[in-house]
Amino acid sequence: MSGSSSVTTMKKVVQQLQLEARLNPKVSQAAADLKQFCLQNAQHDPLLTRVSSSTNAFRPQKVCSFL
């Protein structure tokens, strides 16, 4: 009984590995495309380039206080 269960489990593992092997080139191409996009647009990315304080919408607001 456990022998047939083991064979069934191993067949499922093999099927999963075959599926992953077919998907791998697509994932590699998607990763390459994403890397290319990031490199092409790096100069416009505010996380990589400094945002000037005058154009930063998220800068702390100045508070006017009377002493």
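This is a predicted model: local features need pLDDT of at least 70, side-chain atom pairs count only at pLDDT 80 or more; totals for chains, interfaces and linings use all residues.
## A nonpolar patch

M10, V13 and L17 together make a nonpolar surface patch of about 280 Å². Patch members here are residues with over 30% relative accessible area and no salt bridge, with nonpolar side chains (Val, Leu, Ile, Met, Phe, Trp, Tyr) joined within 5 Å and like charges within 9 Å. A salt bridge, for the record, is a side-chain nitrogen of Lys or Arg within 4 Å of a carboxyl oxygen of Asp or Glu.

Residues are numbered from 1 along each chain as its sequence is written, and side-chain values use heavy atoms, with hydrogens and water left out.

## Overall form

The chain has one helix and zero strands; these are DSSP runs numbered from the N terminus (helices: H or I, at least four residues; strands: E, at least two). Its radius of gyration is 27 Å, whereas a compact globule of 67 residues would come in near 11 Å. That radius is taken over C-alpha atoms, and the globule rule is 2.2 Å times the number of residues to the power 0.38. Along the principal axes, the C-alpha atoms fill a box of roughly 85 × 35 × 10 Å.

As for burial, 0% of the 67 residues are buried (buried is under 20% relative accessible area, exposed over 50%, partly exposed in between, with a 1.4 Å probe and protein chains only). The chain exposes about 6800 Å², with carbon and sulfur atoms supplying 62% of it; the areas come from Shrake-Rupley with a 1.4 Å probe, and for residues only the protein chains shown count as cover.

G3 sits in helix α1 and is partly exposed at 42% relative accessible area. Its C-alpha is 72 Å from that of S54, 51 residues along the chain.

T8 also lies in α1, and T8 is partly exposed, at 42%. The T8 side chain reaches the backbone oxygen of S4 at 2.9 Å.

## R59 after the helix

R59 belongs to the segment after α1 and counts as partly exposed, with 39% relative accessibility. Leaving out residues up to four places away in sequence, R59 touches S53 and S54, contact meaning heavy atoms within 4.5 Å. The C-alpha atoms of R59 and Q18 are separated by 52 Å, at 41 residues apart along the chain.

How values were computed: A polar contact is a pair of N or O atoms within 3.5 Å; within protein, one must be able to donate a hydrogen and the other to accept it, and residues adjacent in sequence count only if both atoms are side-chain atoms.
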